[in-house]
Amino acid sequence: FIGDFNNNRVRILIPCSPPAITTSIIWSNLVCPNSTQKYSIAAVPGATSYTWALPASWGGISSTDSITATVHGTASGYVRVTANGACGSGNTVSLYDSVNSVPPQPGLINGSTIVCSGIPQNYSINAISNATGYTWTVPSNWSGTLTSNSITVTPNSISGSIQVAANNACGSGIARALSITADTLPPQPGIITGSTFICPGTSQIYSIAAVPTAASYTWILDRKSVV
(Lines give C-alpha, C1' and ligand atoms only; values in the text may rest on other atoms or scores of the structure.)
Protein backbone atom coordinates (compact mmCIF):
# COMPACT_ATOMS: atom_id res chain seq x y z
CA PHE A 1 0.00 0.00 0.00
CA ILE A 2 0.96 3.62 -0.27
CA GLY A 3 0.19 5.78 2.77
CA ASP A 4 0.06 9.53 3.27
CA PHE A 5 -0.41 9.94 7.01
CA ASN A 6 -0.17 13.74 6.93
CA ASN A 7 -3.26 13.95 4.73
CA ASN A 8 -4.93 10.93 6.29
CA ARG A 9 -5.04 9.11 2.96
CA VAL A 10 -4.13 5.50 2.14
CA ARG A 11 -3.92 3.95 -1.33
CA ILE A 12 -4.04 0.16 -1.41
CA LEU A 13 -2.63 -1.55 -4.53
CA ILE A 14 -4.32 -4.87 -5.26
CA PRO A 15 -2.40 -7.35 -7.48
CA CYS A 16 -4.14 -7.81 -10.82
CA SER A 17 -3.77 -10.57 -13.45
CA PRO A 18 -5.55 -11.35 -16.72
CA PRO A 19 -8.34 -13.96 -16.61
CA ALA A 20 -7.05 -17.47 -17.27
CA ILE A 21 -8.94 -20.16 -19.15
CA THR A 22 -8.46 -23.52 -17.45
CA THR A 23 -10.93 -25.67 -19.43
CA SER A 24 -11.13 -26.91 -23.01
CA ILE A 25 -13.38 -25.66 -25.78
CA ILE A 26 -16.64 -27.60 -25.88
CA TRP A 27 -18.35 -28.65 -29.12
CA SER A 28 -21.02 -31.23 -29.85
CA ASN A 29 -21.52 -31.94 -33.54
CA LEU A 30 -19.60 -33.51 -36.39
CA VAL A 31 -18.38 -30.70 -38.62
CA CYS A 32 -19.70 -30.96 -42.18
CA PRO A 33 -19.32 -28.56 -45.12
CA ASN A 34 -21.73 -25.61 -44.99
CA SER A 35 -22.97 -26.55 -41.54
CA THR A 36 -23.44 -24.43 -38.41
CA GLN A 37 -21.47 -25.39 -35.30
CA LYS A 38 -21.52 -24.06 -31.74
CA TYR A 39 -18.38 -23.75 -29.62
CA SER A 40 -18.24 -22.66 -25.99
CA ILE A 41 -15.96 -22.29 -23.01
CA ALA A 42 -16.77 -22.45 -19.31
CA ALA A 43 -17.26 -18.94 -17.94
CA VAL A 44 -13.95 -17.53 -16.67
CA PRO A 45 -13.96 -15.58 -13.37
CA GLY A 46 -12.98 -11.96 -13.97
CA ALA A 47 -13.57 -12.09 -17.71
CA THR A 48 -15.55 -9.22 -19.19
CA SER A 49 -15.39 -10.42 -22.80
CA TYR A 50 -13.94 -13.14 -25.00
CA THR A 51 -12.08 -13.01 -28.29
CA TRP A 52 -12.76 -15.87 -30.72
CA ALA A 53 -10.75 -16.76 -33.82
CA LEU A 54 -12.03 -19.17 -36.48
CA PRO A 55 -10.47 -20.82 -39.55
CA ALA A 56 -10.05 -18.33 -42.39
CA SER A 57 -12.97 -19.52 -44.50
CA TRP A 58 -15.45 -19.83 -41.61
CA GLY A 59 -17.85 -17.13 -40.44
CA GLY A 60 -18.93 -16.08 -36.95
CA ILE A 61 -18.43 -13.27 -34.42
CA SER A 62 -18.90 -13.33 -30.64
CA SER A 63 -17.57 -11.61 -27.52
CA THR A 64 -19.29 -14.01 -25.10
CA ASP A 65 -18.25 -17.42 -23.84
CA SER A 66 -19.80 -19.16 -26.89
CA ILE A 67 -19.78 -18.67 -30.63
CA THR A 68 -21.87 -20.06 -33.50
CA ALA A 69 -19.64 -20.70 -36.52
CA THR A 70 -20.73 -21.20 -40.11
CA VAL A 71 -18.47 -23.65 -41.94
CA HIS A 72 -17.82 -22.54 -45.51
CA GLY A 73 -16.30 -25.13 -47.80
CA THR A 74 -14.15 -28.00 -46.60
CA ALA A 75 -11.22 -26.20 -44.94
CA SER A 76 -10.32 -27.51 -41.48
CA GLY A 77 -8.53 -25.40 -38.90
CA TYR A 78 -8.18 -24.11 -35.35
CA VAL A 79 -10.90 -22.56 -33.22
CA ARG A 80 -9.28 -20.30 -30.60
CA VAL A 81 -10.57 -18.25 -27.67
CA THR A 82 -9.05 -15.77 -25.24
CA ALA A 83 -10.67 -14.30 -22.12
CA ASN A 84 -10.31 -10.55 -21.53
CA GLY A 85 -10.59 -8.59 -18.30
CA ALA A 86 -9.67 -5.33 -16.60
CA CYS A 87 -6.04 -6.41 -16.40
CA GLY A 88 -5.72 -7.53 -20.02
CA SER A 89 -6.10 -10.73 -22.00
CA GLY A 90 -5.21 -14.13 -20.65
CA ASN A 91 -4.06 -17.32 -22.27
CA THR A 92 -5.45 -18.66 -25.55
CA VAL A 93 -7.08 -22.09 -25.78
CA SER A 94 -7.22 -23.87 -29.16
CA LEU A 95 -9.20 -26.71 -30.69
CA TYR A 96 -8.36 -28.19 -34.11
CA ASP A 97 -11.55 -29.24 -35.83
CA SER A 98 -11.59 -31.25 -39.05
CA VAL A 99 -14.28 -30.71 -41.65
CA ASN A 100 -15.69 -34.01 -42.77
CA SER A 101 -17.17 -34.59 -46.21
CA VAL A 102 -19.75 -36.84 -47.81
CA PRO A 103 -18.30 -40.08 -49.19
CA PRO A 104 -17.10 -40.07 -52.80
CA GLN A 105 -18.95 -41.81 -55.61
CA PRO A 106 -18.50 -45.59 -55.34
CA GLY A 107 -16.40 -47.43 -57.90
CA LEU A 108 -17.84 -49.70 -60.53
CA ILE A 109 -20.60 -52.08 -59.45
CA ASN A 110 -19.58 -55.72 -59.83
CA GLY A 111 -22.26 -58.12 -61.12
CA SER A 112 -24.04 -59.41 -64.19
CA THR A 113 -25.69 -56.95 -66.57
CA ILE A 114 -27.97 -59.62 -68.07
CA VAL A 115 -30.12 -61.54 -65.60
CA CYS A 116 -32.95 -64.03 -65.69
CA SER A 117 -36.18 -63.54 -63.82
CA GLY A 118 -36.30 -65.36 -60.48
CA ILE A 119 -32.59 -66.22 -60.33
CA PRO A 120 -30.78 -64.42 -57.44
CA GLN A 121 -27.83 -62.19 -58.30
CA ASN A 122 -25.14 -60.57 -56.17
CA TYR A 123 -23.81 -57.05 -56.74
CA SER A 124 -21.05 -55.31 -54.83
CA ILE A 125 -18.70 -52.33 -54.71
CA ASN A 126 -15.38 -51.79 -52.98
CA ALA A 127 -15.81 -50.42 -49.46
CA ILE A 128 -15.35 -46.65 -49.02
CA SER A 129 -13.24 -45.61 -46.04
CA ASN A 130 -15.34 -42.70 -44.73
CA ALA A 131 -18.72 -44.33 -45.37
CA THR A 132 -20.86 -45.54 -42.50
CA GLY A 133 -23.57 -47.08 -44.70
CA TYR A 134 -24.79 -47.60 -48.24
CA THR A 135 -28.11 -47.00 -49.99
CA TRP A 136 -29.00 -49.41 -52.79
CA THR A 137 -31.80 -48.86 -55.31
CA VAL A 138 -33.05 -51.69 -57.53
CA PRO A 139 -35.53 -51.83 -60.43
CA SER A 140 -39.25 -51.87 -59.68
CA ASN A 141 -40.55 -55.00 -57.92
CA TRP A 142 -37.13 -56.59 -57.53
CA SER A 143 -36.45 -57.94 -54.07
CA GLY A 144 -33.10 -57.46 -52.36
CA THR A 145 -31.13 -58.18 -49.20
CA LEU A 146 -28.55 -55.53 -48.33
CA THR A 147 -25.28 -56.44 -46.67
CA SER A 148 -23.32 -53.19 -46.45
CA ASN A 149 -21.34 -52.70 -49.66
CA SER A 150 -23.02 -55.65 -51.39
CA ILE A 151 -26.59 -56.70 -52.13
CA THR A 152 -28.29 -59.90 -53.20
CA VAL A 153 -31.31 -59.34 -55.45
CA THR A 154 -33.94 -61.50 -57.09
CA PRO A 155 -34.89 -59.92 -60.42
CA ASN A 156 -38.17 -60.10 -62.23
CA SER A 157 -38.85 -59.39 -65.89
CA ILE A 158 -38.40 -55.60 -65.52
CA SER A 159 -35.11 -54.17 -66.74
CA GLY A 160 -33.59 -51.07 -65.17
CA SER A 161 -30.55 -50.03 -63.21
CA ILE A 162 -29.04 -50.85 -59.84
CA GLN A 163 -27.72 -47.80 -58.00
CA VAL A 164 -25.69 -47.40 -54.85
CA ALA A 165 -24.61 -44.33 -52.86
CA ALA A 166 -22.33 -44.20 -49.81
CA ASN A 167 -23.50 -42.34 -46.69
CA ASN A 168 -22.11 -40.86 -43.49
CA ALA A 169 -23.20 -38.26 -40.94
CA CYS A 170 -22.61 -35.47 -43.48
CA GLY A 171 -24.98 -36.94 -46.06
CA SER A 172 -24.99 -39.11 -49.18
CA GLY A 173 -22.47 -38.99 -51.98
CA ILE A 174 -23.06 -39.32 -55.72
CA ALA A 175 -24.65 -42.63 -56.67
CA ARG A 176 -23.11 -45.17 -59.02
CA ALA A 177 -25.44 -46.94 -61.48
CA LEU A 178 -25.29 -50.17 -63.49
CA SER A 179 -27.80 -50.84 -66.27
CA ILE A 180 -29.41 -54.28 -66.08
CA THR A 181 -31.29 -56.19 -68.77
CA ALA A 182 -33.80 -58.61 -67.32
CA ASP A 183 -34.56 -61.62 -69.50
CA THR A 184 -37.18 -64.37 -69.34
CA LEU A 185 -37.37 -67.89 -70.77
CA PRO A 186 -38.17 -67.78 -74.48
CA PRO A 187 -41.75 -68.76 -75.39
CA GLN A 188 -42.51 -72.06 -77.07
CA PRO A 189 -41.47 -71.99 -80.73
CA GLY A 190 -44.09 -71.96 -83.44
CA ILE A 191 -44.89 -74.89 -85.73
CA ILE A 192 -41.90 -76.74 -87.16
CA THR A 193 -41.98 -76.61 -90.92
CA GLY A 194 -40.57 -79.41 -93.06
CA SER A 195 -41.50 -82.71 -94.66
CA THR A 196 -43.31 -85.25 -92.52
CA PHE A 197 -42.45 -88.09 -94.96
CA ILE A 198 -38.80 -88.78 -95.71
CA CYS A 199 -36.78 -91.44 -97.44
CA PRO A 200 -33.61 -93.08 -96.13
CA GLY A 201 -30.40 -91.30 -97.10
CA THR A 202 -32.07 -88.04 -98.02
CA SER A 203 -31.46 -84.64 -96.42
CA GLN A 204 -34.29 -82.60 -95.03
CA ILE A 205 -34.52 -79.04 -93.73
CA TYR A 206 -36.70 -78.17 -90.78
CA SER A 207 -37.17 -74.70 -89.38
CA ILE A 208 -39.22 -72.53 -87.10
CA ALA A 209 -39.95 -68.83 -87.09
CA ALA A 210 -37.29 -66.95 -85.15
CA VAL A 211 -38.13 -66.43 -81.47
CA PRO A 212 -37.41 -62.75 -80.56
CA THR A 213 -35.89 -63.39 -77.11
CA ALA A 214 -33.95 -66.53 -78.00
CA ALA A 215 -30.15 -66.45 -78.05
CA SER A 216 -29.79 -69.97 -79.49
CA TYR A 217 -31.82 -73.11 -80.24
CA THR A 218 -31.46 -76.74 -79.21
CA TRP A 219 -32.68 -79.35 -81.72
CA ILE A 220 -33.34 -82.95 -80.72
CA LEU A 221 -33.63 -85.67 -83.38
CA ASP A 222 -35.64 -88.83 -82.97
CA ARG A 223 -33.16 -91.69 -83.51
CA LYS A 224 -35.81 -94.26 -84.54
CA SER A 225 -35.31 -96.12 -87.80
CA VAL A 226 -36.72 -94.48 -90.86
CA VAL A 227 -38.53 -96.78 -93.35
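1. Let us start with a term you will meet throughout: strands, labelled E, are DSSP runs of at least two residues, numbered from the N terminus. With that in hand, look at Asn 34, which sits in the loop between strand E3 (26–27) and strand E4 (36–40). Please keep in mind as you read that this is a predicted model.

2. Stay with Asn 34 for a moment. Asn 34 counts as exposed because its relative accessibility is 61%, and the cut-off for exposed is over 50%.

3. Asn 141 is placed in the loop between strand E11 (133–137) and strand E12 (143–147). Its phi is near 70°, again a positive value in a residue other than glycine. With 63% relative accessibility, Asn 141 counts as exposed.

4. Now turn to the inside of the model. The largest nonpolar core has 19 residues, and those with the most contacts inside it are Ile 25, Tyr 39, Trp 52, Trp 58 and Val 81. E7 gives the largest share, three residues. Another core lies apart from this one; it has 17 residues, including Tyr 123, Ile 125, Val 164 and Ile 180.

5. Leaving out residues up to four places away in sequence, Val 81 touches Ile 21, Ile 25, Ile 41, Tyr 50, Thr 51, Trp 52, Asn 91, Thr 92 and Val 93. Trp 58 belongs to the loop between E5 and E6. Is Trp 58 buried or exposed? Trp 58 is buried, because its relative accessible area is 8% and buried means under 20%.

6. What does Trp 58 touch, once residues up to four places away in sequence are set aside? Its partners are Val 31, Tyr 39, Ala 69, Thr 70, Val 71, His 72, Ala 75, Val 79, Asp 97 and Val 99. For a sense of distance, the C-alpha atoms of Trp 58 and Gly 171 are separated by 20 Å, and these residues are 113 apart along the chain.

7. Next, some aromatic rings. The count comes to two aromatic pairs. In one of them, the rings of Tyr 78 and Tyr 96 have centres 4.9 Å apart and planes at 70°, so the pair is edge-to-face. Tyr 78 lies in strand E7 (residues 77–85) and Tyr 96 in strand E8 (residues 88–97), so the pair ties together parts that are 18 residues apart in sequence. Tyr 78 is partly exposed, at 41% relative accessible area, and Tyr 96 is partly exposed too, at 46%.

8. Two serines in loops come next. Ser 101 is in the loop between E8 and strand E9 (114–116) and is partly exposed, with a relative accessible area of 34%. Not counting residues up to four places away in sequence, Ser 101 touches Pro 33, Asn 130, Asn 168 and Cys 170. Ser 117 is in the loop between E9 and E10 and is partly exposed, with a relative accessible area of 37%. Ser 117 and Leu 185 are 68 residues apart in sequence, yet 8.3 Å apart in space, C-alpha to C-alpha. With neighbours within four places set aside, Ser 117 is in contact with Pro 155, Asn 156, Ser 157, Asp 183 and Thr 184.

9. Gln 121 lies in strand E10 (residues 121–124) and counts as buried, at 18% relative accessibility. Apart from neighbours within four places in sequence, Gln 121 is in contact with Ser 112, Val 115, Ile 151, Thr 152, Val 153 and Pro 155.

10. Which residues make the nonpolar surface patch of about 430 Å²? Ile 192, Tyr 206, Tyr 217 and Trp 219 make it. Ile 192 is in the segment after strand E16 (176–183), and at 51% relative accessibility this isoleucine counts as exposed.

Key
Residues are numbered from 1 along each chain as its sequence is written. This is a predicted model: local features need pLDDT of at least 70, side-chain atom pairs count only at pLDDT 80 or more; totals for chains, interfaces and linings use all residues. Side-chain values use heavy atoms; hydrogens and water are left out. Patches are made of residues with over 30% relative accessible area and no salt bridge: like charges are joined within 9 Å, nonpolar side chains (Val, Leu, Ile, Met, Phe, Trp, Tyr) within 5 Å. Accessible areas come from the Shrake-Rupley method with a 1.4 Å probe; for residues, only the protein chains shown count as cover. A salt bridge is a side-chain nitrogen of Lys or Arg within 4 Å of a carboxyl oxygen of Asp or Glu. Helices (H or I, at least four residues) and strands (E, at least two) are DSSP runs, numbered from the N terminus. Buried means under 20% relative accessible area, exposed over 50%, partly exposed in between (1.4 Å probe, protein chains only). Rings of Phe, Tyr and Trp (its six-membered ring) pair if their centres lie within 6.5 Å; planes under 30 degrees apart count as stacked, over 60 as edge-to-face and the rest as tilted. A nonpolar core is a set of buried Ala, Val, Leu, Ile, Met, Phe, Trp, Tyr and Cys residues joined through side-chain atoms within 4.5 Å. Contact means heavy atoms within 4.5 Å.
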